[in-house]
Amino acid sequence: MGMERKRKRKVSLFDVVDDTCVSAKLAKTNGFAVHGNDTNPLVNRWNGRPYSKRYLEILEKRKTLPVWHQKEEFLQALKANQTLILVGETGSGKTTQIPQFVLEAVELEIPDKRRKFMVACTQPRRVAAMSVSRRVAEEMDVNIGEEVGYSIRFEDCSSSRTVLKYLTDGMLLREAMADPLLERYKVIILDEAHERTLATDVLFGLLKEVLKNRPDLKLVVMSATLEAEKFQGYFYGAPLMKVPGRLHPVEIFYTEEPERDYLEAAIRTIMQIHMCEPPGDILVFLTGEEEIEDACKKISKQVANAGDVYGPVKVVPLYSTLPPAMQQKIFDPAPPPVMVGGSPGRKIVVSTNVAETSLTIDGIVYVIDPGFSKQKVYNPRIRVESLLVSPISKASAHQRSGRAGRTQPGKCFRLYTEKSFNNDLQPQTYPEILRSNLANTVLTLKKLGIDDLVHFDFMDPPAPETLMRALEVLNYLGALDDDGNLTKLGEIMSEFPLDPQMAKMLVVSPEFNCSNEILSISAMLSIPNCFLRPREAQKAADEAKANFAHIDGDHLTLLNVYHAYKENNEDASWCYENFINPRAMKAADNVREQLVRIMVRYNLKLCSTDFNSCDYYIDIRKAMLAGYFMQVAHLERTGHYLTVKDKQVVHLHPSNCLNHKPEWVIYNEFVLTSRNFIRTVTDVHGEWILDIAPRYFNLENFPQCEAKRVLEKLYKKREREGEESKN
DNA sequence: GAGCACTGC
């Protein structure tokens with residue numbers, strides 16, 4: 001019966017797709033047939049309700065999307081293959097339409113009838129999962145959260161009726177930890193696969209395994225451009241389908257000679273466009289906040305100097321840490337002419353990479369691409385991730401230029417030579433998995449049951465040293481035993497959406513009688529900086545921050561902020577008066593609640609040392625050391641800090657709140673900028689180190705250094721004391 | 001005495 005219905009549907013589909021010149025009326029009729037149920041074509045198959053007028057209007061528009069021309073081809077390929085690769089550029093409609101095509105073609109009924117199998121479609125970003133699912137719910141004429149839903153951290157908007165679920169790639173990975181064969185799903189669509197996020201890369205390898213054990217499961221990998229052939233090779237030659245995009249042509253210009261100063265060149269190019277080119281907004285890609293704010297000032301100044309003949313300009317900065325209200329300005333229209341009949345105005349958006357993938361601005365006609373962005377790099381030798389201004393890839397340059405052609409034909413000015421584009425730029429940005437500390441990823445893989453990491457089928461295998469480093473860290477933390485098997489502790493740690501060090505500190509915190517406080521600190525460390533420091537009120541902001549300062553450490557300062565926030569009833573105006581970011585605090589509260597739920601699930605006690613006890617802060621500092629003993633720095637007699645074992649010279653980040661230079665500190669972050677900084681540091685005692693991490697601080701295989709000599713003395717002192725107490 | 005590309009659980 002099911003098959004018969006499917007076949008019938010396909011016949012009518014075929015009519016719609018093949019006969020692109022059918023009259024609107026005929027197409028509508030076919031539309032009914034496609035989406036109606038067997039007894040009544042006017043009734044929505046999914047919820048049994050009659051279709052709305054809006055549904056039919058949207059359906060007409062949907063049919064004009066490029067991907068509709070290959071609907072039948074896609075469905076045939078889906079039927080015949082377990083894995084499919086679909087390449088479609090911006091504007092092809094793949095993200096919204098393909099999942100709906102899939103819904104029509106697969107059987108989702110489960111015998112028990114209480115729920116249905118689902119189709120999953122992953123997205124790298126939360127906003128995309130949310131906004132696309134809303135759109136698709138509208139297209140399918142159902143309520144969001146019912147037949148079509150989404151699932152992102154902190155928000156599961158789906159129900160037992162849900163048949164199509166958009167979710168972040170990280171969320172699907174989480175689901176896989178509890179349901180290794182992903183048995184709730186009949187089809188999994190990995191969208192934006194070309195972005196090669198860490199989670200997508202892990203899902204690639206995982207799904208390859210799952211597909212072997214689930215012949216009824218299908219996988220669709222959707223990507224924009226280029227690497228599709230690589231995907232094909234990786235997925236055993238799965239068929240590849242290409243769907244054209246729908247962008248306006250963009251003319252590319254290169255410089256004749258290499259530019260020495262890309263910032264200066266970018267501003268010069270902006271002025272040339274402004275003075276010589278027809279109306280249209282400009283998008284400039286720069287690398288970071290400071291550079292962008294600086295450039296905005298310079299541009300405004302030069303425009304003012306150029307005089308009124310050229311029309312008014314509105315310069316707008318854009319980067320992710322900009323408050324949302326300021327970000328909204330990129331959607332403001334260009335300013336009107338100064339006087340009637342005057343030159344039209346122009347909007348100039350100066351942005352980081354956010355405008356390359358995460359945010360799209362319509363109306364951009366000119367793109368200026370200096371060819372650089374800040375990229376994460378990882379040095380496994382010293383276990384440090386840092387941000388480095390680096391040349392972008394060809395794929396990235398292509399994506400940037402495409403931003404000029406969203407609403408009309410555009411122009412892209414690349415501030416490098418064509419030769420440089422061809423010879424110097426890598427085809428693709430290195431996938432994140434090759435640029436990251438993998439401690440957390442390895443823990444996840446172990447939890448997913450992948451025991452042999454060396455032979456795990458990564459699309460791009462990480463450096464062996466990176467994997468070794470990750471295994472070593474997890475072993476020291478007690479998450480893996482000496483054979484590399486997940487321990488009970490490791491299993492619990494993997495349940496927390498935190499880095500392994502932080503997860504460890506949290507899991508052991510009840511032993512130090514301070515899990516409530518460690519929960520708050522973990523939450524505060526998981527959110528972006530909560531301290532506001534507006535350019536115009538830096539001094540006042542610093543003073544406000546000093547009120548929260550705890551002299552023994554920045555972690556404790558963060559705890560003070562959290563406590564003060566709660567004592568003031570999470571009041572937003574209290575936040576502003578104290579230069580605290582209320583959104584960040586709200587986020588911290590969310591994280592904390594999530595962590596508490598996991599603690600409760602694993603019977604981890606929620607407890608505190610009496611606040612009046614002199615052990616209150618000591619217990620907290622010891623618990624932190626239990627997680628962060630591999631991130632300890634020692635103050636040398638020369639006056640600077642050296643990280644223990646790795647022996648890197650580091651400096652306390654100037655944002656710290658300590659009033660002294662402790663002999664030993666733990667740090668949350670190693671940041672490599674103008675110097676090596678350790679940020680968010682707390683004073684710990686040498687004696688605690690011996691008690692809490694004796695294995696890591698075993699002096700037998702410890703590099704020769706001042707810290708070692710100090711520890712030796714401490715061990716000897718302890719031995720003496722031990723003997724004295726025996727006697 | 002300095003900074004924060006971008007995501008995600």
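Select E687 to begin: this residue is partly exposed, with a relative accessible area of 31%. Here buried means under 20% relative accessible area, exposed over 50% and partly exposed in between, with a 1.4 Å probe and protein chains only. The model is predicted, so local features need pLDDT of at least 70 and side-chain atom pairs pLDDT 80 or more, while totals for chains, interfaces and linings use all residues. Residues are numbered from 1 along each chain as its sequence is written, chains are lettered from A and ligands numbered from 1 in the order written, and side-chain values use heavy atoms, without hydrogens and water.

A salt bridge is a side-chain nitrogen of Lys or Arg within 4 Å of a carboxyl oxygen of Asp or Glu. K717 lies in helix α27 and E687 in helix α26 (residues 686-692), so the pair ties together parts that are 30 residues apart in sequence. Helices are DSSP runs (H or I, at least four residues), as are strands (E, at least two), numbered from the N terminus.

Now select R383 and D646, another salt bridge, with the closest N and O atoms 4.0 Å apart. Both ends sit in loops, R383 between β14 (372-379) and β15 (384-391) and D646 between β18 (641-643) and β19 (649-652), so the pair ties together parts 263 residues apart in sequence. R383 is buried at 16%, and D646 is buried at 17%.

Move to E139 and R135, whose closest N and O atoms are 2.9 Å apart in a salt bridge. E139 is buried at 2% relative accessibility, whereas R135 is partly exposed at 32%.

Last, select R196, D201, K230 and D460, which are linked in a network of salt bridges.
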